[in-house]
Amino acid sequence: MNHLHGPTPYCRTLSCGTLSVTPRGDAAALDQLFDIAERRNPKRAFLFVSKVLGRHIPVSPGVMRAVYRQLAERFPSVSPGPVLFIGMAETAVGLGAGVFDEMRQQLDESVYLTSTRHPVAGELLCEFKENHSHATDHLLYLPQDAELRRRVLEARTLVLIDDEATTGNTFINLLEALKNDGGLQHIAEVITVTLTDWSGDAVAQRCPLPVQSVSLVQGDWHWQQKPDAPVPVMPDVNVSSSGSVAISGKQSWGRLGMAQPAADLGIGIQPKAGEKILVLGSGEFVWEPFLLAERLEKLGAEVKYSSTTRSPIAIGFAIQSAIAFTDNYGLGIANYVYNVADQQFDRILLCTETPADSVDPLLIAALRKVAPDVEIICYE
C-alpha cells in the first residue's frame with residue numbers, strides 16, 4: 001500500500017484505473033477506516049470499503065460503537081427545536097442509527113428516519129436519487145406515530161448521515177426533495193455526518209442553509225480512468241418495489257421513525273464464553289441485529305457483525321470472498337455476503353425482517369461451510 005506521511009496520496013491501481021486519495025490532517029487513520037474495491041458499476045468503478053461499518057467487512061460491535069461515539073463527540077451545538085436524523089439506505093442505515101443513539105439523550109425532540117428501497121404501508125414523505133449508486137432510487141416515509149411525525153415536519157435541524165461523501169450530490173438531492181416535495185419548511189441548519197468526507201465543501205457551497213460537517217477523515221480523491229478499460233457488467237439491482245415476500249418484522253428501527261431503540265431481537269439467545277459468533281444483518285435490517293451482536297459481545301462471546309447487501313463488488317483488494325444468492329424480499333435480485341466465506345465461526349445468526357422460509361437455501365448452505373450452527377433470527 002502506498003501510504004506515507006505528508007502529502008503523498010494513498011493510491012490503488014484497479015483494473016479500470018487508479019484511485020488516489022490525499023488526506024487533510026492525519027493520514028494514519030486512512031488504513032484503519034477503509035480499503036478499496038472494484039464496483040461492478042460503470043458509473044463509478046471503485047468503492048471505498050469501510051473497515052468499521054459492519055457491512056462488507058465483519059467487525060466487532062465494540063469497534064462500531066466506538067465510531068458512533070467518535071462522531072457524536074465531534075457534533076456541533078444544535079439550535080433549539082426538533083432535530084431530524086436521516087440515514088441513507090442501505091449502507092448507512094446502521095451508522096445513522098448508531099450516531100442517533102449516541103446523540104438522542106442530548107436532544108429533547110429528536111427523531112431518526114432512514115431512506116428505503118422497500119415500500120411499506122405508510123405515507124410517503126418524498127423520493128430522491130443517489131445518482132452514482134448501484135440502486136439510485138430512495139423512498140422516505142413519514143412516521144405513523146403522531147409525535148415523531150411532528151418532529152419530522154417541524155424539524156429545525158437536519159442531520160444527514162452516509163458512510164461517505166464524494167460529491168455531496170446525494171445530500172443535495174435529498175435536501176431539495178425534503179423542502180420541495182416533503183414540505184419541510186422549518187429547517188434552519190444542516191449537519192452532514194460521514195465516516196469519510198472527500199467532497200470538500202461541496203454541500204456547503206450548494207446549500208442555501210448553513211451547513212456543518214462531521215467526519216473522521218477528510219481529503220480529496222482523484223480517479224484516473226484507464227482509456228481502454230472494459231466497462232463492467234452491472235447486475236440490475238435498482239429496484240424500489242414490494243417483492244412477493246411481505247415484511248413481517250417490526251418497523252421500530254427507522255423506516256417509519258425511531259425515538260429510541262427497541263433492542264428486542266433475539267433476546268432469548270445466550271452465548272457460551274468465548275464462542276465465535278457472526279451476526280449478519282440483512283439489507284436495511286441492520287440496527288436491531290447490531291444491538292443483538294453488541295449484547296452477545298458484552299456477555300463474553302467473540303462477536304463479529306456484518307450484513308448482506310445488494311451492492312455488486314468484484315473479488316480482489318478489500319473483498320477476499322463473496323457469497324451470491326437471491327434476496328429474501330421476493331424481488332428476484334442478487335444479494336451478497338462479503339468476506340465471510342473465507343472465515344470460520346462457531347455460530348452464525350442471520351437476522352431478517354422477512355419470514356425464515358424467505359431466505360435463499362444457497363445462502364444457508366454457504367454459511368454452513370463457515371459455521372456448524374446457522375440460525376435465522378426474525379420477529380416471528
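Where does glutamate 90 lie? Glutamate 90 sits in the loop between β5 (83–87) and α3. Helices (H or I, at least four residues) and strands (E, at least two) are DSSP runs, numbered from the N terminus. A cis peptide bond joins alanine 89 to glutamate 90, with omega at about -15°.

This is a predicted model, in which local features need pLDDT of at least 70, side-chain atom pairs count only at pLDDT 80 or more, and totals for chains, interfaces and linings use all residues. Residues are numbered from 1 along each chain as its sequence is written, and side-chain values use heavy atoms, with hydrogens and water left out.

Alanine 263 has a phi near 50°, a positive value in a residue other than glycine. Alanine 263 belongs to the loop between β12 and β13. Its relative accessibility is 46%, so alanine 263 counts as partly exposed. Buried means under 20% relative accessible area, exposed means over 50%, and partly exposed is in between (1.4 Å probe, protein chains only). Asparagine 339 also has a positive phi, near 60°, and is not glycine. Asparagine 339 is found in the loop between β16 (334–338) and β17. At 5% relative accessibility, asparagine 339 counts as buried.

Now turn to the strands. Two strands pair if DSSP finds at least two bridges between them. Strand β1 (residues 10–13) and strand β2 (residues 17–24) pair in the antiparallel sense, over four bridges. A hairpin of three residues joins β1 to β2. Arginine 12 has leucine 19 in β2 as its bridge partner. Strand β2 also pairs with β12, again in the antiparallel sense, over eight bridges. There, serine 20 has histidine 222 in β12 as its bridge partner.

Elsewhere, four strands form an open sheet in the order β14-β13-β17-β18, with parallel pairing. Strands β14 and β18 stand at the edges with a single partner strand each, so one side of each has no neighbour in the sheet. On average, neighbouring strands of this sheet are turned by 20° against each other, direction ignored. Such axes are lines fitted to C-alpha atoms, for helices over the stretch in contact, and angles run from 0 to 180 degrees between N-to-C directions. Strands β17 and β18 run parallel and are joined by five bridges. Isoleucine 348 stands opposite valine 374 in β18.

Side chains tie parts of the chain together too. Side chains of opposite charge can pair when their charged atoms come close. A salt bridge is a side-chain nitrogen of Lys or Arg within 4 Å of a carboxyl oxygen of Asp or Glu. By this rule there are 17 salt bridges. One of them joins glutamate 375 and arginine 347, at 3.3 Å from N to O. This pair links strand β18 (residues 373–377), which holds glutamate 375, to strand β17, which holds arginine 347, 28 residues apart. Glutamate 375 is partly exposed, at 23% relative accessible area. Arginine 347 is buried, at 8%.

Arginine 255 forms a salt bridge with glutamate 353, with the closest N and O atoms 2.8 Å apart. Arginine 255 lies in the loop between β12 (211–225) and β13 (276–282), and glutamate 353 in the loop between β17 (347–351) and α8 (361–368), so the pair ties together parts 98 residues apart in sequence. Glutamate 102 is in helix α3 and arginine 65 in helix α2, 37 residues apart. Glutamate 102 and arginine 65 are both buried. They also belong to a network of salt bridges that links Arg65, Arg69, Asp101, Glu102, Arg104 and Glu294.

A search of the whole structure finds six cavities of 30 Å³ or more. On a 1 Å grid over the protein atoms alone, a cavity is a set of points where a 1.4 Å probe fits but cannot get out, and lining residues have an atom within 4 Å of a point. The second largest cavity has a volume of about 100 Å³. A volume is the space filled by probe spheres set on the points, with grid points joined across faces, edges and corners. This cavity is lined by 14 residues, and Leu53, Met64, Gly94, Leu95 and Val286 lie nearest its centre. The elements that give two or more residues to its lining are α2 (61–73), α3 (93–103), α7 (287–298) and β14 (302–308).

Key: On a 1 Å grid over the protein atoms alone, a cavity is a set of points where a 1.4 Å probe fits but cannot get out, and a pocket is an open set with protein on both sides within 12 Å along at least five of seven lines; lining residues have an atom within 4 Å of a point.
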